[in-house]
Amino acid sequence: ADKISLIPQDFFAELCEQIIQHLNHKIPGINTAELCQRIQTSGIEINAGDLAKIANIFSFLFSTAARNNLSTEELVITLGNAVSTLPKHALQVIRHVWNEQGKSISVSEDARNRASVGQFVDMKWKLGVAMSSDTCRSLRFPYVAVTLSVADPSGQVTDKSFEMSIPQFKNFFRQFKEMAAVLETV
Amino acid sequence: EGSKLLSGLLSGIAQTTYYGNADITEELLRGQLYPEAAPEEFRALRAKMGGLLQSIASADMDLNQLEAFLTAQTKKQGGITSDQAAVIAKFWKNHRVKIHESLISQSRWDNVLKNMNWRVDLKSQSRHVDQINTPVAIVEMELGRNGKESEFLCLEFDEAKVSQMLKKLSEIEESMTVL
């Protein structure tokens with residue numbers, strides 16, 4: 001709770017907004033890393049791990065409240081003792097967000113099946129050539145390096161990086177073309 | 001005869017240095033190829049040949065470079081004979097690609113895409129009514145590093161995401177024309 005009080009009101013509101021949007025499947029994930037960077041830039045000392053934990057807590061709170069069709073006041077009661085430890089501005093945001101959007105959250109049916117599957121969010125790439133190494137002065141090896149941004153079921157966005165040789169890349173490309181063809185015909 | 005033995009020696013050196021076969025020890029090689037040679041004599045021969053092979057592999061020499069290099073070695077004091085040069089040349093021609101690949105592989109210590117599988121599912125049960133009967137691609141990627149266990153990444157792509165991916169992959173392919 002003390003970490004929550006570190007977050008300025010507008011950033012906290014933005015976080016809650018993202019959480020609601022994620023619960024409504026409007027966005028694939030909550031980009032806590034990016035939000036954390038912006039909060040840090042404004043001079044607040046909070047780390048991405050703490051922000052992620054806070055996001056999880058409120059995601060769970062809002063989805064439970066949605067499932068049980070809670071009104072704003074009932075939601076506040078659910079917070080129970082935590083209410084007194086939450087900063088006033090945070091409580092204000094929660095009330096406001098829930099008043100505006102609480103009813104629109106659709107209830108999740110069966111999230112457990114998808115537990116280990118992430119959602120593709122975005123991809124960054126670069127084409128490189130490894131020139132030399134300690135064991136070989138003339139490598140001249142071209143490769144493709146990619147970073148996939150992936151949202152896990154809870155909405156957390158993480159980056160996964162890996163490299164491919166040119167033949168591996170060509171195969172990768174071909175597989176996606178096949179996928180597109182199949183998706184189209186289904 | 002000498003050529004066969006030298007060829008065997010070069011193979012043995014390649015096994016340890018480039019193909020990661022730790023079983024081929026110096027003792028084993030000497031015993032199998034030059035049992036009559038004194039240990040120090042054999043060690044010197046092995047070091048000399050290993051050094052030559054290393055120079056050739058490190059520069060990934062083509063035939064012209066190789067010829068120039070080996071010719072220079074035959075003219076040196078304590079260099080090699082032209083017979084030995086011929087054996088080394090033949091060995092390099094046969095093993096160049098494999099040795100180069102091995103050196104490349106040694107330098108790739110980051111995550112590498114090892115394998116990829118996919119299937120298309122129809123979402124029959126969904127959180128959102130409008131998502132029922134939408135096809136999604138489920139892709140499983142195996143990522144691995146040298147000497148570590150693979151990590152499996154499982155991702156979901158709908159048609160739009162596949163398009164997004166294809167667009168990026170096209171960009172990559174276009175940029176490859178400069179290679």
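So, how many helices and strands does chain A have? Chain A has seven helices and three strands, where helices (H or I, at least four residues) and strands (E, at least two) are DSSP runs numbered from the N terminus.

Before going on, a word about what we're looking at. This is a predicted model, where local features need pLDDT of at least 70, side-chain atom pairs count only at pLDDT 80 or more, and totals for chains, interfaces and linings use all residues. Residues are numbered from 1 along each chain as its sequence is written, chains are lettered from A and ligands numbered from 1 in the order in which they are written, and side-chain values use heavy atoms, with hydrogens and water left out.

Okay, chain A. Going along the sequence, the pattern reads α-α-α-α-α-α-β-β-β-α. Of its 186 residues, 44% are buried, meaning under 20% relative accessible area (1.4 Å probe, protein chains only).

Now the strands. Two strands pair if DSSP finds at least two bridges between them. Strand 1 of chain A runs antiparallel to strand 2 of chain A, with 11 bridges joining them; A:Trp125, for instance, has A:Val146 as its bridge partner. Strand 2 also pairs with strand 3 of chain A, again antiparallel, over nine bridges, and there A:Tyr143 sits opposite A:Ser165. Those two strands make a hairpin with five residues between them, and A:Gly155 in the turn has a positive phi of about 105 degrees. Strand 2 is mostly covered, too: 10 of its 11 residues are buried.

What joins strand 1 of chain A to strand 3 of chain B? Two bridges do, and these strands run parallel.

Have a look at B:Glu151 and A:Lys160, whose side chains meet in a salt bridge at 3.0 Å, N to O.

Technical notes
A salt bridge is a side-chain nitrogen of Lys or Arg within 4 Å of a carboxyl oxygen of Asp or Glu. Buried means under 20% relative accessible area, exposed over 50%, partly exposed in between (1.4 Å probe, protein chains only).
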